[in-house]
Amino acid sequence: MLTIAYCTSRKNPRIEWFFDSLHRQMNELRIGLDEVRVIVVDFYAKERFTTDIATEYDFPVSVWTVPKPNVWQGEHRLTKENWFDASNARNTALCYAPDGFIAFVDDLSVLMPGWLKIVHAASFDKKIIYGSYKKVKKLVVESGKVMSCIESPEGMDSRSQYAPTDPWPCAGSWMFGCSCAMPVEALLTINGFPEDLCAGLGSEDSCCGVVLQNAGFEFLYDRRMMTFESEEGHHEEPAFRRDDWHFENGVAVRGGNGKD
């Protein structure tokens, strides 16, 4: 079974782009709903279903849930405000995934042609594969297809220049959570994304890749497994706080990019 996990903590994640593009590619490849399980981990899931917003999306989601309880965000948090915790969201999806293969997609994204073909093939080979991305401006998507956008150098995937062919063997640290896929068993082997290290901070994707590499797994990077992502969408809402705190001689010292 292929599980595709979509994680968001935005009120307007443009999730219809994901649904429409996935549905389009499933039809093209003649992949049935019995072969793909879609899990949405959504900080605003309860709010969306209370207002019947979720009923607007014509896609059979297997699970649509808030992230599992944690101390950083949501109704069980111990912090004064909501902090960034993508590692917990990704592990929530992992909890709902049956044995098989799991792919992760970021919000504000649309799957480009060929994405599902690469993921589907990797699921049979049981390979860990990393996809590519572009953050673009003025992204217009209709029925899961990109109609227009404006590309910018700062939105390009920096890894692509180091991969002369597709797929290309790479280091575990090349993992970007916006588009990656792997056997469920691989993540279970390392106890999922490292919440103890990356909750409240981020970088859970590349850190997870490093841990997987230390556990003996190998990786491929494939630019044909591409997503386009809205640059403006990242700045429409206040971001959840993230910061890097560590201890020096028993004293907490800030060393990250959070707010004071």
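**A tour of paired charges**

Start by selecting Asp 243 and Arg 241: they form a salt bridge, with the closest N and O atoms 3.7 Å apart. A salt bridge here means a side-chain nitrogen of Lys or Arg within 4 Å of a carboxyl oxygen of Asp or Glu. Asp 243 is buried, at 3% relative accessible area, and Arg 241 is buried too, at 15%. (Buried means under 20% relative accessible area, exposed over 50%, and partly exposed in between, using a 1.4 Å probe and protein chains only.)

Before moving on, a word on what you are viewing. This is a predicted model, where local features need pLDDT of at least 70 and side-chain atom pairs count only at pLDDT 80 or more, while totals for chains, interfaces and linings use all residues. Residues are numbered from 1 along each chain as its sequence is written, and side-chain values use heavy atoms, leaving out hydrogens and water.

Next, select Asp 157 and Arg 159. Their salt bridge has its closest N and O atoms 2.7 Å apart. Asp 157 is buried, at 5%, and Arg 159 is buried, at 4%.

For the last stop, pick Arg 223 and Asp 166, whose side chains meet in a salt bridge at 3.1 Å, N to O.

If you want to keep exploring, the structure holds 14 salt bridges.
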